[in-house]
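Colleague: I would like to learn how to read a few features of a model. Please give me the general idea each time, then the case at hand.

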Amino acid sequence: MLQQTQVATVIRYYNEWIRRFPDFAALAAASEREVLHAWQGLGYYARARNLRATAQTVMEKQGGRFPKSLDAIRNLPGVGRYTANAVATFAFNQSVPIVEANIARLLARLFNLQIPIDTSHGRETLWQRASELLPNRGAAIHNSALMDLGALVCGSRPNCVVCPVRHFCRAEKPSELPIKGARPLIRLRTEHHGFSVRGGRVLLEQSQDRWRGMWMLPRLATAPAKRKPVHISEFPFTNHRITLTVFPQTAAGHSAKSFQHWFPIDGLDSIPLPSPHRRALEMLISARSQRLCGPVTQI
Ligand code: SF4
């Protein structure tokens with residue numbers, strides 16, 4: 001949950017997640033819809049699907065107990081080197097290194113790395129350096145300390161005066177490290193969707209790609225000619241900046257296509273919707289109920 005997301009945002013989700021899915025058995029038995037609904041608003045929905053798939057693997061292949069071996073953890077759905085090592089060190093106190101953003105910045109400065117850390121060579125060098133620092137015992141505390149040091153002292157503005165490891169640090173110009181390659185360009189993209197209401201129900205479409213399994217306003221291949229959108233908003237997605245435009249669609253005689261379904265408006269809280277589409281729907285439904293639909297709602 002904490003990937004690309006701040007702790008303050010995550011806490012509410014985490015507590016609700018644990019209440020709904022207190023153990024692997026509960027998560028494994030939950031439907032994908034329930035899991036996506038509990039995750040909605042956090043983004044990166046593959047993580048929610050992978051957690052559910054991991055719970056099912058633990059129940060079906062590990063007798064309901066989470067594996068301790070690094071290889072077995074690494075084989076779980078969606079688990080890469082960082083996640084596997086973080087679980088191994090923090091849950092089982094195993095002597096394995098971890099490298100996340102704070103530790104990467106700290107190591108680049110401690111070892112005065114003059115290479116871009118976001119290349120495969122740079123990443124391997126960081127993991128190698130993290131391994132070299134690893135103690136034989138107490139790896140969980142050591143890794144925790146590195147994360148905190150990177151987050152609280154050796155941040156984007158390094159506070160070297162109070163740093164407890166300044167005597168070991170080789171950085172000559174800490175504020176110029178780490179070196180990173182050029183960021184990918186942000187690409188602009190516009191997506192068109194329709195808004196149809198009939199008898200207290202709204203037509204939605206189940207996404208087959210970006211938000212697979214979640215429900216959104218039905219896609220339109222192109223913007224309808226000579227029609228104005230009733231909603232425009234923007235949201236980021238990976239290296240894209242997406243403009244969401246919504247056009248009113250006549251509901252008369254509109255039968256749902258495959259992957260489309262009419263949902264009662266007063267039951268939308270219980271279905272998984274990606275945040276940009278939930279916000280658009282809430283604004284459109286509110287405007288409609290106030291008989292204000294017509295002007296563009298823009299956020
Ligand atoms: S001395 Fe400065 S640059 Fe080096 S680890 Fe500490 S805060 Fe970071």
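Modeller: Start with the elements: helices (H or I, at least four residues) and strands (E, at least two) are DSSP runs, numbered from the N terminus. Ser196 sits in the loop between β1 (187-195) and β2 (197-198). This is a predicted model, in which local features need pLDDT of at least 70 and side-chain atom pairs count only at pLDDT 80 or more, while totals for chains, interfaces and linings use all residues. Residues are numbered from 1 along each chain as its sequence is written, and side-chain values use heavy atoms, with hydrogens and water left out.

Colleague: Is Ser196 buried or exposed?

Modeller: Buried means under 20% relative accessible area, exposed over 50%, and partly exposed in between (1.4 Å probe, protein chains only). Ser196 counts as buried because its relative accessibility is 2%.

Colleague: How do I read a salt bridge, and how many does the structure hold?

Modeller: Side chains of opposite charge can pair when their charged atoms come close. The criterion is a side-chain nitrogen of Lys or Arg within 4 Å of a carboxyl oxygen of Asp or Glu. The structure holds 8 salt bridges. One of them joins Glu124 and Arg81 at 2.8 Å, N to O. That pair links distant parts of the chain, with Glu124 in helix α8 (residues 120-133) and Arg81 in helix α6 (residues 81-92), 43 residues apart. Glu124 is partly exposed at 44% relative accessibility, and Arg81 is partly exposed at 28%.

Colleague: Which residue forms a salt bridge with Asp269?

Modeller: Arg278 does, with the closest N and O atoms 3.8 Å apart. Asp269 counts as exposed because its relative accessibility is 61%, whereas Arg278 is buried at 14%.

Colleague: What does Glu205 do without a salt bridge?

Modeller: Glu205, in strand β3 (residues 201-206), is buried, and the nearest side chain of opposite charge, Arg219, is 4.4 Å away. For charge, Lys and Arg count as positive and Asp and Glu as negative; His and the chain ends are not counted. A polar contact is a pair of N or O atoms within 3.5 Å; within protein, one must be able to donate a hydrogen and the other to accept it, and residues adjacent in sequence count only if both atoms are side-chain atoms. The Glu205 side chain makes such a contact with the side chain of Gln260, at 2.8 Å.

Colleague: Where does Arg219 find a salt-bridge partner?

Modeller: Arg219 meets Asp209 in a salt bridge of 3.1 Å, N to O.
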